[in-house]
Amino acid sequence: MLFSLLLEANLWYTNAMATLNKEQLQTMEGDALLEHVQLEAIAHKISDIHISPDKEKIRLEWREFGVLIQIMSLSREVYDTMLRRIKFSSKIKMNVTNVPQDGQYSFPVEDRMINVRVATLPTKFGEAVTLRLLDPKRGIVPLEELGFPKEIKEKLLELASVPNGLILVTGPTGSGKTTTLYSLLSLLAGKERNIITIENPVEYELPGIVQSQVDESKGYTFSEGLKSILRNDPDIVLVGEIRDLETAQTAIDASLTGHLVFATLHTNSAIEAIPRLLSMGVSSYTFAPALRGILAQRLVRTINPAFREQVASHTEAEADFYTGQCSLPELLVVDNDIRDAILAQSTSSEIIDIALKKGFKTMIEWGKELVTRHVTTAEEVKRVTG
């Protein structure tokens with residue numbers, strides 16, 4: 001189909017594509033267009049689809065390799081049809097338009113089911129909708145394929161092999177935290193250890209572990225779920241997100257009583273995770289001995305290998321410049337000196353000074369290495385690190 005060919009050619013970045021999309025796609029009915037865009041999104045490894053109403057138009061966009069790209073403008077009629085279909089499929093209340101709602105639905109692709117997380121948001125010009133596409137084919141990625149530097153990968157494997165302690169993975173939404181954690185858990189599954197997760201939601205199914213999903217409407221929160229998990233004799237626990245003091249302190253206490261606990265946290269850097277948890281009110285006397293390591297990461301677009309030798313002659317505007325993503329990390333391995341600093345409630349700058357003397361590299365420093373090897377560009381590193 002024309003749309004597929006245009007995607008393959010990466011022409012949707014151009015103004016001409018907007019015209020072609022309008023001519024070719026807006027003739028579709030809303031239901032057919034939604035199905036078509038979903039299938040194309042899966043084929044091209046798109047993470048999110050956005051439908052955003054403005055005063056004059058409704059934007060249909062999707063996020064590819066971390067960048068939001070406008071696909072086309074929708075008519076109000078097509079938008080209304082798509083919105084009804086999405087709400088019906090995800091069991092969201094059709095007659096409620098003035099409060100945010102969440103739901104989910106699935107659709108088949110080849111030999112698998114794609115789970116779609118739906119979030120609506122009331123706006124002045126109608127409900128905005130975000131569809132997060134969770135493809136099980138993309139969910140479990142071997143650690144060696146995530147693009148971590150060899151030094152980081154080896155240290156992560158060492159951390160994952162310890163019998164107990166707390167390992168944090170931080171970063172904003174869409175930075176690859178869940179993918180990294182699933183990669184690590186896949187290495188540990190089936191090795192005579194009981195692995196239990198508490199997630200919101202369960203994004204990908206991983207054989208050999210027990211996966212539990214938060215349901216706040218029924219009082220099953222991260223903190224309550226974690227308490228329940230600890231009564232089920234786990235060896236390894238994954239906490240999908242630390243949001244509050246109770247969850248944080250329970251995770252820390254669990255890691256001190258013989259459990260290996262993985263958890264995610266929303267901070268911009270590895271070091272910032274320490275004051276974030278302390279500011280929640282966790283005890284530094286339990287947090288310091290529990291913490292084993294903190295991985296912060298982003299995802300950067302990677303240069304097409306065919307262009308890496310000629311990278312200087314290509315510009316950011318060229319659509320076929322990028323062909324994938326890799327992890328841009330920083331890993332803080334906690335030793336006795338850093339534990340002492342946590343106990344003393346040292347500042348972030350004081351802790352990072354200690355870490356730098358021991359060979360810690362920041363995300364920007366790792367980014368410079370990726371640029372030197374022509375894996376990505378300086379502009380791309382700047383885009384994701386600020």
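**Close-up views of a predicted model**

**View 1. A seven-stranded open sheet.** The strands of this open sheet follow the order β9-β8-β10-β11-β7-β12-β13, with mixed pairing; two strands pair if DSSP finds at least two bridges between them, and strands (E, at least two residues) and helices (H or I, at least four) are DSSP runs numbered from the N terminus. Because β9 (210-213) and β13 stand at the edges with a single partner strand each, one side of each is left without a neighbour in the sheet. From one strand to the next, the twist averages 20°, where axes are lines fitted to C-alpha atoms, for helices over the stretch in contact, and angles run from 0 to 180 degrees between N-to-C directions. The model is predicted: local features need pLDDT of at least 70 and side-chain atom pairs count only at pLDDT 80 or more, whereas totals for chains, interfaces and linings use all residues. Residues are numbered from 1 along each chain as its sequence is written, and side-chain values use heavy atoms, with hydrogens and water left out.

**View 2. The β8-β9 pair and helix α10.** Strand β8 (residues 195-199) runs parallel to β9 and is joined to it by four bridges. Within this pair, E199 stands opposite Q213 of β9. Helix α10 (residues 273-280) packs on the sheet and touches β7 (165-170), β11 (260-265), β12 (291-303) and β13, contact meaning heavy atoms within 4.5 Å. The direction of α10 makes about 95° with that of β11.

**View 3. The salt bridge between D335 and K358.** The side chains of D335 and K358 meet at 3.1 Å, N to O; a salt bridge is a side-chain nitrogen of Lys or Arg within 4 Å of a carboxyl oxygen of Asp or Glu. This pair links distant parts of the chain, 23 residues apart: D335 lies in the loop between β13 (322-333) and α12 (336-343), and K358 in the loop between α13 (348-357) and α14 (363-372). D335 is partly exposed at 23% relative accessibility, and K358 is partly exposed at 45%; buried means under 20% relative accessible area, exposed over 50%, and partly exposed in between (1.4 Å probe, protein chains only).

**View 4. Further salt bridges.** The whole structure contains 21 salt bridges. R59 and E61 form one of them, at 3.3 Å from N to O, and E61 counts as buried at 10% relative accessibility. In the pair D215 and K218, the closest N and O atoms are 4.0 Å apart; D215 is partly exposed at 27%, whereas K218 is exposed at 71%. A network of salt bridges links E110, D111, R112 and D135.
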